[in-house]
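Hello,

Here is the structure I promised to hand over. Please look through it first, then read my notes below.

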Amino acid sequence: MNVIKHLVHVFLIAIIVQGCSSYKYNTISDIENIDSNVKQDLKVSLTSVPLTEDIVIGKYRDLLGENLNIKNKKQVLKRYGDLLIDKGERLIISDNTISYQTGKSMIIDAIDTFKIYINKFSSDPKNDYIFYQISRGYELIEKPELAYQYLTYLTDNYPGSKYYQETQFRRGEFLFTRRHFSNSGIAYKSILGDQYRHTNLYSKTIYKYAWVNFKQEKYDNAINYFIKLVDGYYTDGKVNDYEITQSSTKGEKAAVADVLRAISLSFSYMGGSENIYIYTKNKEYSPLLYSSLALLYKNKKRYVDSINTYSGFIDKNKSSRHAYKFHQDIISLYKLAGINNAIIPEKVKFINNFGPGTEYQKNINKDEWDNLNKSIENNVIDLATYYHANSKDKDKAINAAKSEKWYRYYLTYYSDSPQAQKLNYKLAELLNDTKQYVKAINEYEKSAYQYTNKDSKAAYAAISLYKKPKLNDHRWRNRLKNSHLKFFNEFSTHKYSDNVLLNASQYQFDDKEYSDAFASTSILVNKNGVNKKVYSSAILIYAHSAFELEKYTEAEAGYNKAYAVSNKKLKKSLRDKAAASAYLSAKNLFNTNPKQAIQELTRVGSVYKGTEVAATAGFDAASLLMKQNNNRQAESILLGLKNTKSKGFDKKNLHEKLAFIYLNNQQYTKAANEFVYIYNQEKNREKKREIMLNISDLYKKDGNREKALKIQKEYVKVYKKPLNDYVDTMYEISTYYKDAKQVKNEKQWLNKVINIKKSYKKLPAGVKHTIARANLRYANFDYKKFESVKLKRPLKKSLSRKKKLMKDLLKKYDEAISAGEFSLTTEATFNIANIYYTLSKDILNSERPKGLNDDEYEQYTIILEDQAYPFEEKAIDIHKKNMTLAKKGGINKWISRSHDTLSKLQPVRYNKHEKFVHYVE
Amino acid sequence: MLNRFTKIGWLFTVTFVILSYGCTTSPQDDSGVGVISDSKERPPKYIYAIELLKRKQYDKAHDVFLSIEPNYQHADLYANIAIIYLNKKRYDKAKIYIEKSIALDTNNYISQNIYGVVLRNLGSFDEAIQAYSTSISKNAGYTDAYLNLAILYDVFIDSPKKALPYYEKYKELASNDKNIEKWMVDVKRRIK
């Protein structure tokens with residue numbers, strides 16, 4: 001039974017060992033996989049008997065008491081030690097205190113087991129494993145010094161061991177933690193040969209070795225080794241040229257970050273960023289290192305160093321696609337550091353280096369440009385608003401100019417941005433604040449109209465500003481008006497739109513653009529809901545414009561509407577204007593439709609009674625009526641106007657018209673009365689003189705000789721010249737007295753006429769004629785005297801007297817003839833003929849001497865006949881001569897009388913009469 | 001057919017001329033020498049006016065003629081008004097109306113003769129000669145025009161030589177005028 005039992009144990013061990021032999025405990029990490037080994041053991045066991053790990057350990061412990069051969073003994077010892085250390089390690093790392101103690105005991109057992117093994121098999125060349133496990137055990141039970149001794153023993157005695165790299169690494173770690181950096185460095189460096197390059201520990205070793213150098217302030221070395229790590233990260237894709245990649249694990253990210261931090265620290269200890277270039281000039285990931293260092297500084301609040309680091313990169317890598325980011329960081333750092341005065345210049349620099357249109361833009365891809373461009377846009381806004389905010393302080397002009405510059409920069413490159421309109425408006429406000437009104441208006445209008453959404457606020461601001469530049473040239477005025485009209489068209493529902501259109505119409509009217517003003521105000525006056533104040537003004541401009549455009553019907557209606565809504569002060573002038581419109585409307589019809597014109601004028605006179613225009617209209621209506629020969633109605637209107645105080649027409653003209661009407665109606669006295677008014681109004685002496693003559697003529701024509709005489713006497717007092725009229729008027733006066741049979745007065749005035757020649761050496765022909773006429777008439781008085789002288793005894797005496805009178809008479813008649821006027825000549829000739837005929841008759845009828853007998857009487861009579869006959873012949877000849885004058889001037893009264901006389905004296909020759917029918921049935 | 005009508009027209013004209021001739025050569029006294037102008041019907045007022053004219057009621061006749069003038073603008077009406085003014089020695093007015101008459105009937109030798117008398121009284125001797133000559137040209141048998149032309153030359157222009165042929169023609173056409181012989185003797189004496 002025992003034999004069988006023993007064989008079973010052997011078989012089992014063989015199986016276990018066999019099974020274990022296939023395990024590979026080559027590394028510390030492999031050792032940690034004890035569970036799988038145990039399970040394998042258990043699995044094997046399960047093929048026969050269900051086993052636990054403790055059962056297996058127990059079985060091995062039992063086997064140690066068996067008498068085994070050396071080979072098996074080595075196997076069992078080694079396996080037993082491995083199982084204990086694996087189990088012990090698991091228990092220790094659990095948080096359970098009991099388990100920890102149990103685990104620690106088991107590890108101590110394991111160390112003891114391995115020491116037994118060493119003692120028994122000291123020459124075994126594979127004992128490096130045993131020493132490795134012992135050091136492992138000591139580490140687990142926290143006896144690092146003992147562990148370090150066994151590790152050092154291993155490295156000293158087994159340099160070719162497969163555990164060499166790990167052992168040295170662990171030694172390095174042991175020394176490193178105890179700050180034995182030099183020795184630690186030796187341990188690490190021993191495993192940095194090329195044969196380890198592809199091992200898992202290689203990068204860790206570099207990492208630790210770099211740190212060792214760092215700790216020893218051998219930063220140069222440290223950086224070199226850290227950079228080797230970064231080279232690897234870059235190759236593996238754990239980092240790119242600028243940052244740790246997102247695809248790395250959290251641990252990887254932490255490790256990389258640690259390396260980068262170490263590098264940064266190294267550079268910082270070496271004096272900053274200046275050295276980075278030396279170490280990384282050929283490295284594509286140099287931005288990563290700069291950034292890392294800058295961040296390090298930033299975290300340490302060494303903002304200036306951080307800024308310098310970024311600047312260092314930018315200075316050497318202006319075209320780098322990361323340069324702008326670093327610049328952004330610089331700006332952020334200035335903010336963080338509170339160095340505010342550097343922010344603005346830096347932003348300017350940033351925009352100048354990387355903004356639109358720079359070379360930089362060409363060197364980066366679209367995505368990055370979009371990113372950068374957004375930043376530029378924000379910075380431009382910052383600059384514009386910063387300078388704008390400071391445009392009211394000192395240096396305001398400079399700041400305002402800068403602000404304007406950046407606003408314009410923005411509007412140049414970001415005109416499609418959603419913020420463009422808002423910034424455009426701000427630019428306008430800046431320009432307005434700095435009194436650059438024209439530019440401000442330009443920008444307000446751009447803000448108002450050049451963007452998708454029209455902005456009434458900006459448009460109204462522009463309008464409000466137009467008067468400030470104090471420009472009055474034509475182009476500016478047109479802009480002003482167009483701006484108002486555009487506002488109204490775009491923002492017709494704006495609360496001030498009506499006011500704006502009203503203002504536009506006012507400008508149009510002021511500029512004499514009456515059609516436009518009329519059109520604008522037509523909208524307002526016909527629109528519902530226009531407020532009263534606007535309406536009042538609009539209707540006034542409407543009416544004025546219509547008036548100027550000669551749309552008098554509209555003008556009149558407009559003025560009447562304005563009248564209805566106006567205050568008392570304006571009402572009178574508006575009524576006057578309405579009346580004027582109506583009047584002018586009527587006036588337009590004067591030539592084309594005078595009848596309608598009269599109707600309209602009459603309406604004006606009636607509707608607008610009391611206005612100046614009403615009187616004018618009445619006057620014009622009368623004038624038109626006169627043109628249509630409707631003098632009766634015209635007279636009635638004119639008489640109605642005669643006593644008005646209106647200045648709407650020329651009063652003098654009214655009297656002239658009345659005079660004309662009266663002249664036409666042959667109402668000469670009335671006409672003369674009107675001329676009296678005209679005379680009194682007339683200032684021109686010559687015209688007054690003519691009017692006065694006219695007045696006297698009119699009175700005379702109407703048979704009002706007394707009035708005519710009065711005027712004529714006044715005339716000759718006032719107007720001595722022209723001589724013609726003066727003399728003629730005196731002659732007229734003499735005629736009046738002739739007709740009035742006031743011989744004395746007649747002679748007196750005839751004498752005045754005749755005596756004119758004494759005052760003048762040379763007289764005009766007309767005056768000569770008048771004097772001749774006066775002479776003739778005066779001669780007629782003498783003629784009567786001549787006739788009255790009868791030839792009585794003594795004949796010689798009476799004849800002599802008569803001849804003397806005759807001689808004087810002939811002289812006067814000859815003077816009359818010498819004037820050369822037909823009527824005077826014929827009259828004088830006729831009278832001369834009559835003188836001779838009268839003398840002839842007087843001789844024949846003369847008183848006979850007393851005492852003549854019949855014969856003597858007859859003889860005496862024959863003698864007388866002989867004496868008288870030549871005078872009769874002479875009379876006949878002169879009458880004949882008078883008849884011949886008819887050839888020159890026709891037949892007048894005196895020629896007819898000569899003809900009548902001849903008909904009696906020589907009937908055969910002259911008593912002949914024409915024949916003509918006495919009627920035509 | 002046309003010839004027949006022309007003949008009828010000619011007969012009518014001859015008859016009319018004979019009748020007219022009879023009237024214009026009526027006695028020289030002032031009993032009322034007149035002329036029947038044509039066969040047209042006159043307005044009753046016209047006839048009445050003629051009656052007034054015959055009675056030398058010139059003013060009344062004048063007013064009646066003028067009252068119908070707006071609706072009866074006839075050469076004879078104007079000639080009658082001219083005669084009224086001629087008798088009243090209002091030669092200027094007479095001239096206006098006789099010219100109206102001539103304007104409406106240019107072939108009226110009676111109006112032309114009246115025109116000549118009016119012009120002579122106005123002293124327009126050359127125009128009077130023209131008017132008388134026109135009257136004669138319109139009616140070569142109208143004796144008044146010859147006589148008037150002779151008197152114009154004889155009395156007013158003192159040209160007996162020019163007057164004589166017209167006296168002779170007048171005498172030839174109006175042989176019953178007793179004065180004409182004496183006048184012709186006087187004229188011939190003066191020519192010598």
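Contact means heavy atoms within 4.5 Å. By that rule, residues 24 or more positions apart account for 44% of the contacts in chain B with a separation of 6 or more.

Two notes on the source. This is a predicted model, where local features need pLDDT of at least 70, side-chain atom pairs count only at pLDDT 80 or more, and totals for chains, interfaces and linings use all residues. Residues are numbered from 1 along each chain as its sequence is written, chains are lettered from A and ligands numbered from 1 in the order in which they are written, and side-chain values use heavy atoms, with hydrogens and water left out.

More on chain B. It has 10 helices and one strand (DSSP runs: helices are H or I, at least four residues; strands are E, at least two; numbered from the N terminus). From the N terminus on, the order is α-β-α-α-α-α-α-α-α-α-α. Chain B has 192 residues, and 49% of them count as buried (buried is under 20% relative accessible area, exposed over 50%, partly exposed in between; 1.4 Å probe, protein chains only).

N373(A) sits in helix α20, residues 366-389. N373(A) counts as buried because its relative accessible area is 19%. Leaving aside neighbours within four places in sequence, N373(A) touches P356(A) and Y414(A).

K741(A) lies in the loop between α38 (723-739) and α39 (743-754). Its relative accessible area is 70%, so K741(A) is exposed.

Best wishes
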